[in-house]
Amino acid sequence: MKVSTCIVTGYGINADLELEEAFRRAGSDPSRIHINDLIENPGQLEGFQIMAFPGGFSFGDHLGSGKVFATIFKKNLKERLEIFIERGKLIIGICNGFQVLVKMGILPNLSGRWNQEVSLIHNLSGIFEDRWVKLRINNTSRCIWTRGIDEIELPVRHGEGRFVTRSTEVLNELERKNLVTMRYTEKFDTVPGQAYDRSIHDSSERKVNAENTWNVPYPFNPNGSVNDIASICDETGRIIGIMPHPEAFLFRENHPRWMREKVNPENGLKIFENGVNYMSES
Amino acid sequence: MRIEIFNKKNYQDGRALKLIASLRKHHGILLRSIRIIDAYLIEGETQPGPSAVREIFCDPVTQEILIDDFAASRKIKGWDYMIEVSYKRGVTDPVALTARDAISLYERDESDGKGKEIEVSFSTIYLLYPKSPLGRDAIERILKDLHNPLIQEARITEHGEFAREKSADVKIARHQSHPPIARMKSSGAPGWEKAPVESFDLPSMTDSDLEKLSKDRLLALSLEEMRAVKNQYERADFIRRREKRGLTRAITDVELEMIAQTWSEHCKHKIFNATIQYSEGVEGGEDREDAEAEVINSLFETYIKRTTERLKGKKGYLKSVFDDNSGVIQFDEDHLVCFKVETHNSPSALDPYGGAITGIVGVNRDIMGTGKGARPIFNTNVLCFAYPDTPERDVPERLLHPRRVMDGVHSGIVDGGNQSGIPVVAGAFLFDESFMGKPLVFCGTGGILPAKIMGEDSWVKHIDPGDLAVMVGGRIGKDGIHGATFSSLSLSESSPTSAVQIGDPITQKKMLDFLLEARDRGLYKGITDNGAGGLSSSLGEMARQSGGVTIDLSACPLKYPGLLPWEILLSESQERMSLSVAPDKIDSFLELASRRDVEATVVGKFTNSGVVEVLYAGIVVGYLDLEFLHNGLPVMKLKANWPGSRRVLEQLDRVQHNLTKFGLEQLDRVQSGREASLMRPEIKDTLLSLLQEPNIASKERLVRQYDHEVQGYSVIKPFTGALEDAPSDGALLKPLYDSEKGLTVTHGICPWYGEYDTYNMAMCAVDEALRAHVAMGGNPEEVAALDNFCWPDPVLSEDNPEGDFKLAQLVRACKGLEKACIDYEIPLISGKDSMKNETEIEGKKLSVKPTLLISLMGIIPDIGRSVSTDFKKPGDYILLLGDTDVHLLGSFYHRFLLKRGYKAEKGNNWKLPLPDTGRAKKLYTKLFRAMEHGLVSSCHDISDGGLAVAICESALGGRVGAEVFLDAIVASRDLQSDEILFSESPSRFIATISPEKLKDFLGQMRGTRTAVLGRVREDKILRFNFKEKEEPILELELSEVERNWKREI
């Protein structure tokens, strides 16, 4: 039987169709389900092995990106979601979905009590931008979603993607526990397979605090995220939030330079395949 | 309860940084810091508790929340000025609405009902930390940038003042509650105490009474039209039938308003359907019955509809043209695509942000209301402004500065497109002094729908007698009342501010999701959008299909009480659709709507009575014959006089005269003086200046703010090349995940040529849209186009002495459009016109240049064969495809010379660009085949600025250099080097071909003008050689191109 994926929709979520296509191409059997239907019939979550929170502008991001969606979801479905996670199932949140996961406290959930520990706030530029970025994947992470990928190019399309943490301690713990899964980078110049050198962030010359330390300049780090963080996972490695959009790179021609370069065949699909394969093997 | 939320000090606020930078850049105002506070005032009986509020509103990681009036302003120290900005009463505030919904959803299971009586007001507080005390002028400028007084209020408080006053004395922003506005006048209408309706006894009115009535009520009806209404209300059989329904012969305000809306220029396109007497070369515009005058019965029928009809036989892909909310063509066997472009000029002139956002979400609804409902897959927008660096003193008092217009419109498009999840894939920014009179905001949307829905053809709507009329989406308020008639008048001091509203993309997105679900379950039969004219327009139009409708205004859900019946009918409150639903499906329909949190209400019933009947509180308040409503409008009779090109130049003098009175920069004009032969400026200086010209320069900073790839279909993006910063010629989408078939979207627009002859302008616009499609690899035979005309008032009158000339310009544009479309075999599938694009100030008109936008969508059979504009590899051959001529009149080079004080030379014989359609068509067909064979590495269409600009852009894309030899260009006459470099001859491309494919390519292109100019170089230097001179006539480094082209506009 195919791995089934629940793609949550409603109230301004808008990247659900391509996310559905991504999971279909990855071999899953996805369903798009309105948040109101989930609230009305939460039991249906048991039938799914993957939960996916797509990008978009839930509630217009009016009270903060993903904020209202997170509040409503958590209030009505927290217990169900806890069971879902306990059973070893997978969750992915992309862009607005990442913001939702963060604001529910599911990511990174260092405390284990769903307290919000990090946030995604207005880009330092103050504007929404759509541009492709280069991402270095942390392949020493235990995250199951990013396995076997060293680097990838994906588009960011957000106005509130600046990753910050509640405190320097939280940031240090994220790094110590190796929960950062992707970072923005200016160039792909590493030897494939080599882990990201985190020491650059520990330099004593650099003022280290929770909200402004980065190594990669704008626009390569498009939003001013601390430690150039584009994606994190939880301690199980089964829950991931990603600011850029892997579901926007499903075929070669999505890439902005496909006409002039040999495009890295490792497109966004690999991430979804990782999730689906993990669930079909477990 | 008032809650205030702000970033903790150590989390910099990107919005504040942006504002600081902008104030410094545009006004030289230096601020150390700005803190931004979001304030919500929650009123009502069932207030949420503090913990709920904390959870709903505050991000605990980065924000603080305080619950008290101005608590944040007290807690945050050191600021000098506080500015609080909020929307005025009655203006939709999406943030406040979301806050209310959030509280309501959060509390849903704890109290028994929803939302209760909670009202939320929202305001933004800016705490300013200036580097030195701000003068009055600086404060004024800041206030201007932070709010639009038409729809927003801003209060400024100095710190000292604030500290002295008790907080209770500082006025708190409150705007979302709407007390009823008592406006009920006594009148003779029966039962008026229950149904507040005014009525007017037209038969007893004189002509001047009629004119006064039309003027007082902003009906925008002419005397002749008022007389036609009067005649109807004198007909005995009609009066008899009215009396049976409890009405008298007096027309009710409901009826009068519905007629005015239906007959508005906006809805009935009276000018495009007028009978026009068109003459050429008549001196003086005197009333001479010239034997040569041509009588045109409807420009629309003659030049647009008939053009498509003539092509229909050849173009089997046309599905629905001109009848529906958008034009529909077949994409593949199982799918149709549709496209519509609207303008939202007048609202954008008053409130740029609101005007643009309602423009974009409004045209989205046209797609949702096409056939049985299509799904929007792309947006486009073409925006025309006066130059953003216009000195303040040159902006007439009452108008917004063009930079503010541009910033506001741009933000509206950003929010409208991004929040709707519909990518903005193509468009343009144009700058010209004439757009001071009104900005032009063209908003387009394309959609896709399955060819069959539940076994039925998807492009056919059904509205049958007995079907229920259902309104879906937002509630009705006073917003946008008279929008349809208002847009049919020119802007003046008395323009109604109620015409301004703010669109809410999220409410609409909820509705769209619901409608697509309902569509696929077959829960409704017909659908159309509520735009201009509101229910009056949507139900009035739908009723034509069934043969009548009965509307119950009391059933309509209102935002707040106090609306008069006619206001309910005419309101243009956003985010609403009207549907026909079969009685046996209504329960499932309403049930699904409620589960999706979308309001849906039965507001009437479709009939075949031949009548539109309007009820309020059980009383008939309107009774109109459908036939009269839609066909009773008298045909307008107009005169058009084209004085010939020679006279046009004098006409231009007159226009210019008007403009200089307002201190605007003088319009360029042609002079034929003998003295004018001066040395032309240095070529390199010219080229760099052209690259900086805002029309040509990079708009990347603005365009990157549009989400251009949501939904995952993007193949050619707005920017391309090695560093993704060179311009593309248009957009290419792959609208089906499982098909390699591509859909292109392109535009053509060239208002500058229209100054000389709109015939050429129209042909060039069509050519530009088509050649951009071909440049990407599109099949020139599989295309469909839209025409959008934005014109200054073309109706001759005492106030508008040049009306006959402007109408002649319109006629000539239509003739050019027809010629180009017939020759290129491009069916027109939809279009729109906007006719009063000017602003009157002290009795003087500031008019826009006549502007025709062509929007085109077309097919690329295999996206894998599509081509981008950037040069690919050093060593590739650079070719110029197409004929070069002295097409410099109206060119950017020409205008550059005039601005620098140069004059066109006597005897230089510069021509206005005009495509040779026969030769061009051959070129396009051959180029398409060559691309299909994979022979072309890059291709860029040559347009604004000409050949040199195109080569610079393509080289920048590839981050390479180029060496070209202009002698290779064979022209019909001897061209000078500057003419070759800057000519805007249409139907041309710069292409690169890899060496091993050159022979094949040249073979493929045999019979067309194809010149091998040179090769792509690795060294990032651009070299142009001419006439075997030893030194290149132009040499520059790529970095110079980049620096000048990317100079921020």
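In chain B, 82% of the contacts between residues at least 6 apart in sequence join residues at least 24 apart, where a contact means heavy atoms within 4.5 Å. The model is predicted, so to speak of local features requires pLDDT of at least 70, and side-chain atom pairs count only at pLDDT 80 or more, while totals for chains, interfaces and linings use all residues. Residues are numbered from 1 along each chain as its sequence is written, chains are lettered from A and ligands numbered from 1 in the order in which they are written, and side-chain values use heavy atoms, with hydrogens and water left out.

Here are the two chains together. Helices (H or I, at least four residues) and strands (E, at least two) are DSSP runs, numbered from the N terminus. Buried means under 20% relative accessible area, exposed over 50% and partly exposed in between, with a 1.4 Å probe and protein chains only. Accessible areas come from the Shrake-Rupley method with a 1.4 Å probe, and for residues only the protein chains shown count as cover.

| Chain | Helices and strands | Buried residues | Accessible surface |
|---|---|---|---|
| Chain A | six helices, eleven strands | 68% of 282 residues | about 9,200 Å², 44% from carbon and sulfur atoms |

Let us turn to chain A. Its C-alpha trace spans about 55 × 40 × 35 Å along the principal axes. The radius of gyration of chain A is 17 Å, which agrees with the value near 19 Å that a compact globule of 282 residues would have; this radius is taken over C-alpha atoms, and the globule rule is 2.2 Å times the number of residues to the power 0.38. Of the chain A contacts with a separation of 6 or more, 77% are between residues 24 or more positions apart. Chain A carries 34 positive and 37 negative side chains, and the centres of these sets lie 1 Å apart. Lys and Arg count as positive and Asp and Glu as negative, without His and the chain ends, and each charge is placed at NZ of Lys, CZ of Arg, CG of Asp or CD of Glu.

Strands pair if DSSP finds at least two bridges between them. Strand β30 (residues 731–733) of chain B runs antiparallel to β31(B), joined by three bridges, and B:L733 stands opposite B:L743. Strand β36 (residues 851–860) of chain B also pairs with β31(B) in the antiparallel sense, over seven bridges, and there B:M857 is the bridge partner of B:V745.
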